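We will go from one selection to the next and look at what sits at each stop.

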Amino acid sequence: MSLLRRLRAVAAVAAVATGRGLATAAGEGRQLLLRQLFEASSCTYTYLLADASTGDAVIIDPVLETVPRDLRLLRELGLTLRYAANTHCHADHVTGSGALRRALGCRSAIGRESGARADLRLRDGDLLRFGAFALRVVPTPGHTPGCVTFVLDDASMAFTGDALLVRGCGRTDFQQGHTMSTVGEERRHNPRLTLGADEFVALMEGLQLPRPRLMDVAIPANLRCGIQDEP
């Protein structure tokens with residue numbers, strides 16, 4: 001199924017979590033704690049979600065260099081990290097999953113089609129439960145074959161990684177100041193996703209983007225995902 005069809009199935013109103021400004025969400029009898037964090041060298045957004053009542057938490061796309069910050073925030077908020085999850089095998093930074101796993105005993109997770117090693121190799125429909133909340137796994141290949149989107153159980157938020165960006169896809173170079181959107185908006189206005197298949201291929205091949213600076217370091221490390229401590 002195409003990326004656009006997969007995202008259409010998520011929900012047209014789901015917030016695409018690609019930037020600052022997302023509000024915390026509350027369901028019936030539930031309160032979600034959400035923090036968006038940023039790593040400047042790779043322009044990576046990391047998301048920390050937690051059940052405010054139980055303190056159970058999950059972190060999405062952590063970066064190795066900012067693990068001390070993440071550990072400090074978890075400690076300050078009194079949270080217990082259950083999962084360190086990646087949307088895909090990153091080429092521009094080394095994941096912090098392994099360091100968080102070693103420090104806290106959480107489980108690492110990544111899409112099965114990524115080819116990476118982790119405690120959990122996720123399939124379509126798998127759930128990462130934290131307290132009264134859960135993230136549902138939706139495969140969204142395109143940027144990489146193993147990209148997955150994590151959808152909050154009430155479909156109010158979708159954490160797409162690099163599969164879908166605000167008015168773009170695949171890279172974070174051209175967000176032009178926008179830091180949040182919805183799936184519906186991107187279906188209507190994303191200049192890449194509104195192209196036909198042949199036009200899309202021609203556009204992406206013509207971008208001539210530079211090779212990610214840390215690719216030769218990041219890819220081998222991230223293929224081990226949450227178990228970098230093993231040979």
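Here is a short tour of side-chain packing, ring pairs, charges and backbone angles. Keep in mind throughout that this is a predicted model.

**Stop 1: the nonpolar cores.** Start with Leu49, Leu128, Phe130, Leu135, Phe150, Leu152 and Phe159, the residues that touch the most other members of the largest nonpolar core, which has 22 residues. Now centre on Leu135 and show its contacts. Leaving aside residues up to four places away in sequence, Leu135 touches, among others, Leu49, Val58, Ile60, Phe150 and Phe159. Next, colour a second, separate core of 15 residues, which includes Leu33, Ala57, Ala99 and Leu100.

**Stop 2: a ring pair.** How many aromatic pairs does the structure hold? There are three. For one of them, select Phe130 and Phe133: the ring centres are 5.8 Å apart and the planes lie at 20 degrees, so this pair is stacked. Both Phe130 and Phe133 are buried.

**Stop 3: salt bridges.** A search of the whole structure finds four salt bridges; let us visit some of them.

- Select Arg30 and Asp153, whose closest N and O atoms are 2.9 Å apart in a salt bridge. This pair links distant parts of the chain, 123 residues apart: Arg30 is in the loop between strand 1 and strand 2, and Asp153 in the loop between strand 10 and strand 11. Arg30 counts as buried at 19% relative accessibility, while Asp153 counts as partly exposed at 37%.
- Move to Arg69 and Asp70, whose side chains meet in a salt bridge at 2.9 Å, N to O. Asp70 is buried, with a relative accessible area of 2%, and Arg69 counts as buried at 19%.
- Then pick Asp119 and Arg101, joined by a salt bridge with the closest N and O atoms 2.8 Å apart. Asp119 is in the loop between strand 6 and strand 7, and Arg101 is in helix 3. Asp119 is partly exposed, at 30% relative accessible area.

Stop 4: Go to helix 4, residues 183–189, and select Glu186. Is Glu186 buried or exposed? At 1% relative accessibility, Glu186 counts as buried. The side chain of Glu186 makes a polar contact with the side chain of Asn190, at 2.9 Å.

**Stop 5: positive phi angles.** Finish with the backbone. Asp61 is not a glycine, yet its phi is positive, near 55 degrees. Find Asp61 in the loop between strand 4 and helix 2; at 5% relative accessibility, Asp61 counts as buried. Ala155 also has a positive phi, near 60 degrees, and lies in the loop between strand 10 and strand 11.

Methods. Residues are numbered from 1 along each chain as its sequence is written. This is a predicted model: local features need pLDDT of at least 70, side-chain atom pairs count only at pLDDT 80 or more; totals for chains, interfaces and linings use all residues. Side-chain values use heavy atoms; hydrogens and water are left out. A nonpolar core is a set of buried Ala, Val, Leu, Ile, Met, Phe, Trp, Tyr and Cys residues joined through side-chain atoms within 4.5 Å. Buried means under 20% relative accessible area, exposed over 50%, partly exposed in between (1.4 Å probe, protein chains only). Contact means heavy atoms within 4.5 Å. Rings of Phe, Tyr and Trp (its six-membered ring) pair if their centres lie within 6.5 Å; planes under 30 degrees apart count as stacked, over 60 as edge-to-face and the rest as tilted. Helices (H or I, at least four residues) and strands (E, at least two) are DSSP runs, numbered from the N terminus. A polar contact is a pair of N or O atoms within 3.5 Å; within protein, one must be able to donate a hydrogen and the other to accept it, and residues adjacent in sequence count only if both atoms are side-chain atoms.
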